[in-house]
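Please open the sequence and the model side by side, and try each task before reading its solution.

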Amino acid sequence: MQRVAPTDCTVLICGEHGTGKELVARAIHAHSRRASEKFIAIDCSTLSPSLLESELFGHVKGAFAGATQDKAGIFQIAGNGTLFLDDIANLSLEIQGKLLRVLEAKEYKPVGASEFRTTEARVISATNKDLRSLAAQGAFREDLLYRLDVFPIFLPPLRERKDDIPRLAYHFLQLFCRKMSKHIEGFTEDALEAMVNHPWPGNVRQLKNVVERIVIMIDQPLVDLSTLMDHLETRRRWSYARIPRTLSELKSFKKVVLREHYDGVEKLFLLQALREHGGNISKAAQAVGMQRSNFSALMKRHHIPTSFKRSSSV
């Protein structure tokens, strides 16, 4: 980020949902020579192709029904700033061609216009999909991919960068405490261990939401393990409108209930045994009356690393 920020080259940020792709784009803009200019973000998955084309490039009066006046597109509004295109894999092939011209020639044509206009906006894009695979399938233009992928940045999921979890958790805790005028000192050791060893399928966004819920709900000085587990996952509620109608549906419902309620307790059971025996799997298994192989299999199922002792001291 520090290397590419001062340049004008295009950047492609790749990573799962919730890994912080827009935060990276904003950081690049903030450390660029364009920092005093506008930063505009647009989600390419939220608009239809026709609306997205008008949003990006603008339109002239009379271009289509309802176009009663000229409208500036985001490329014009951005000026010399930065335009962040999120979920770029969702662009239609037609708009991909028009974006390619912008990147190659710095020019675009508003919908219904007869003349091209120029832009100096820098483009940063993001995706959670494999654009090369999409290009091989004909769903994404290969020539556009090469224009976007000048400087790729990959954001690994949170489960692959566990060292960041305590820092992020405390960052969000302090952030929401300030916003809500509350004082929470931090997390207990076992709560922090559970956070470090949680798989976080929703990545940084999920961690942020969990911490925000905790700050809203508690008044105690420390977030303990019990409190954390209460808010770690928002469990689905079974409404009366969905009462099972067949034995098969009843059995399926039973599996869902067991998975949602039993799995969390089972993971806490493992973490507690490991913590009480310094991360020694053999001793923990023996203490709870299990074979080491079965205990290890459960650890793997719950994404608890075999290096638990080292991870828990982060």
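The exercises below go from the sheet to the helices, the cores and a few single residues.

The model is predicted, so local features need pLDDT of at least 70, side-chain atom pairs count only at pLDDT 80 or more, and totals for chains, interfaces and linings use all residues. Residues are numbered from 1 along each chain as its sequence is written, and side-chain values use heavy atoms, with hydrogens and water left out.

**Exercise 1. Work out the strand order of the open sheet and find its edge strands.**

Step 1. Helices (H or I, at least four residues) and strands (E, at least two) are DSSP runs, numbered from the N terminus. Two strands pair if DSSP finds at least two bridges between them.

Step 2. β2 and β5 are joined by five bridges, β5 and β8 by four, and β1 (residues 11-15) and β8 (residues 122-127) by four.

Step 3. β2 (39-43) and β9 (151-155) each pair on one side only, which makes them the edge strands. On average, neighbouring strands are turned by 20° against each other, direction ignored. Angles here run from 0 to 180 degrees between N-to-C directions, and axes are lines fitted to C-alpha atoms, for helices over the stretch in contact.

**Exercise 2. Decide which residues cover the two faces of β5.**

Step 1. Buried means under 20% relative accessible area, exposed over 50%, and partly exposed in between (1.4 Å probe, protein chains only).

Step 2. In β5, five of its five residues are buried.

Step 3. Sort them by side: Thr82, Phe84 and Asp86 lie on one face, and Leu83 and Leu85 on the other.

Step 4. Helix α1 (residues 21-30) touches β1, β2, β5 (82-86), β8 and β9, and its direction makes about 155° with that of β1; touching, or contact, means heavy atoms within 4.5 Å.

**Exercise 3. Describe how α7 and α8 pack.**

Step 1. Their axes are 9 Å apart and meet at an angle of about 120°.

Step 2. From α7, Ile165, Pro166, Ala169 and Tyr170 make the contact, and from α8, Leu192, Met195 and Val196.

Step 3. Class these residues: Ala, Val, Leu, Ile, Met, Phe, Trp, Tyr, Cys and Pro count as nonpolar, Asp, Glu, Lys and Arg as charged, and the others, Gly among them, as polar. The contact then has seven nonpolar, no polar and no charged residues.

**Exercise 4. Which residues have the most contacts inside the largest nonpolar core?**

Step 1. A nonpolar core is a set of buried Ala, Val, Leu, Ile, Met, Phe, Trp, Tyr and Cys residues joined through side-chain atoms within 4.5 Å.

Step 2. The largest one has 39 residues, and Met195, Leu207, Leu228 and Phe295 have the most contacts inside it.

Step 3. Two or more residues come from each of α7 (164-180), α8 (189-197), α9 (203-217), α10 (225-232), α11 (247-276), α12 (281-288) and α13 (292-301). α7 gives the largest share, eight residues.

Step 4. Apart from this core lies another of 30 residues, among them Ile42, Leu52, Tyr108 and Leu131.

Step 5. Leu131 is found in helix α5 (residues 131-136). Not counting residues up to four places away in sequence, Leu131 touches Leu12, Ile88, Ala89, Phe140 and Leu145. Ile88 is 43 residues away along the chain, with a C-alpha separation of 9.2 Å.

**Exercise 5. Are Trp200 and His277 buried or partly exposed?**

Step 1. Trp200 lies in the loop between α8 and α9 and has a positive phi of about 45° although it is not a glycine. Trp200 counts as buried because its relative accessibility is 0%.

Step 2. His277 lies in the loop between α11 and α12. With a relative accessible area of 27%, His277 is partly exposed.

Step 3. Beyond four places in sequence, His277 is in contact with Lys283, Ala284 and Ala287.
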